[in-house]
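User: Please walk me through the aromatic rings here, one question at a time.

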Amino acid sequence: MGSRAVFGSAMLELASQRDDVYVLSADLIISSGLDRFSKAYPDRCFNVGIAEQNLIGMAAGMAHDGAAVFATSFAPFVSMRAGEQVRVNLGCMGLNVKVVGISSGLEIAHFGNSHYGLEDISVMRSIPNITVLCPADGAEIIKVVFAAAETRGPVYIRLTGGANTPPVHADDYEFIIGKSIKLRDGNDITIIAHGAMVYHSIRAAEILQNNGISASVVNMHTVKPLDMAAVDEAALKGPVVTVEEHSVIGGLGGAVAERKSTLKNAFPQLFIGLPDIYGKPGDYSYLLEKYGLTGELIAKKIMEFLCQM
Amino acid sequence: MNNIFDEARVKTMADMMRRNILDMAYGCGSGAHLGGGLSVVETLAVLYGAIMYFDPSNPADPDRDRFILSKGHGVLGFYAALAQAGIFPIELLETFQRNGTDLASLTVMNINLGIESSNGSLGQGLSMAAGIALHAKSREKTFRTYVLLGNGECNEGEVWEAVMSASQFKLDNLTAIVDDNSMQSDGTSERIIDMSSFSEKFEAFGWDTASADGHDVSSLYCAITQRTANGRPKAVIAKTVKGKGVSFIENNRDWHHNRLTKSLYEQALAEIGASR
């Protein structure tokens, strides 16, 4: 299943357990994987039409008494078109809205820059009170949905990855907001990633291993609040590589760098992510190749980086 | 409480509110949104003095009617209404626009003080009110949600997004009041964005409407309370005068946000029939 279908299934399960959960969408019920949800819970699923500003405002109103209200649309629309509504209703008022940015990063492929989620983390994490969660695979999307519902306050959930994002967690685990997960332990460098890039980072670590470089891989599913201890541990041990399907400005790389800059003996950092441009569209695998976000290309960049050090 | 319309009492409340407004604006020692604050006085006196249900000793009462001040710039009138309604002590008004205050230049959500939302960024309150009303329907709650919009604020596109949704979701438990003083920050609305007839616009989107003289408490009371449970949200267009009650503030864009000097304060008090 793709990320949106998993999200829809998770919402069905959540709604079966709690009656104070609502979903609003801006004419993207079906695209958000919520078709079954809307039929199962017609009195808890509302379509506000193509009106993202009102989407956030109405979600905030529905959450005014504490209900958990999930609001979905494409990542740039919820984070930027409705950015100020998010700031006022979620940031300033701290209302219990869970904004879901679907198809973030490059997954929407041929739709191009209007629909890509390139800057959503940067916007969301700069707004006080908002927790930013970027699940790495289907199992983690389910955990994130439940964790978000259990958290009293605003959350941004960023969905990435294509139709068949491979699982990155071999075993079940406890998901804790703000507590990263070390998926692979290595001695030389640490790769910190989130969302669909966790899988590609593991692939990169395998390739590096074959080239004599031992890499840790950390799934930083929570960009805010950032797991400072994990960043400190990585940055004091060796070089840090951040990998994200987001602009290299203001996202995970920026968040890690902000923390690292406070450390006295931190190693340097390599930022891998999307460049500060609006490029041409293509299919998802073409885009990942073009921007060097496959396991092979991530490994190659890391080896070049280590050579220069 | 409320649900009884005592015209004389509501008029007295409005008079007291105007006095509170001038005291706050002068007392804070800096500029304040006097024009919009004075135009909403009667509307808020009617809502808080005769129409809305609330328990002054328990502002978080889950059954309370909700009020959203979408035109956050109407704070002077709003704070005065909350104080006159007994939700917080009159003395708290002295903290208006002081450093670190809860009574800021534009509202900051504080349920214990009866402030349901943070406003000032215009055009957002109707969406929130519609969300509250939709949630109330979903929970089969019988309270009503009121929201006060400014005419200038209705330039914002989000207002009309919310207008469409409120109609679509059949929110007949929602009342929007447009404080139509025909002015906005830069001057007369006719010369900036001429919104023409608000009634026609709301009706075109499937709302019930009523018009009122926004400084006549009986007219407001009738317009706001006449309603039918027909699945339509209700819009009341309250025709008002920006800065109502003080000659040099009325219809004067310079007083959208300005500072009262001692002599102007004294003149204003005299004009509203209050003594120092």
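**Aromatic rings**

Analyst: At 0% relative accessibility, A:Phe37 counts as buried, where buried means under 20% relative accessible area, exposed over 50% and partly exposed in between (1.4 Å probe, protein chains only). This is a predicted model, in which local features need pLDDT of at least 70, side-chain atom pairs count only at pLDDT 80 or more, and totals for chains, interfaces and linings use all residues. Residues are numbered from 1 along each chain as its sequence is written, chains are lettered from A and ligands numbered from 1 in the order in which they are written, and side-chain values use heavy atoms, without hydrogens and water.

User: How many aromatic pairs does the structure hold over all chains?

Analyst: Rings of Phe, Tyr and Trp (its six-membered ring) pair if their centres lie within 6.5 Å; planes under 30 degrees apart count as stacked, over 60 as edge-to-face and the rest as tilted. Over all chains, the number of aromatic pairs is 15.

User: Are the planes of A:Phe37 and A:Tyr41 stacked, edge-to-face or tilted?

Analyst: The ring centres of A:Phe37 and A:Tyr41 are 5.3 Å apart. Their planes meet at 45°, so the pair is tilted.

User: What kind of pair do B:Phe202 and B:Trp207 form?

Analyst: B:Phe202 is buried at 0%, and B:Trp207 is buried at 1% relative accessibility. Their ring centres lie 5.0 Å apart with planes at 70°, so the pair is edge-to-face.

User: Which ring has the charged end of B:Arg66 over it?

Analyst: A charge sits over a ring if NZ of Lys or CZ of Arg is within 6 Å of the ring centre and within 35 degrees of the ring normal. The charged end of B:Arg66 is 3.9 Å from the centre of the ring of B:Phe143.
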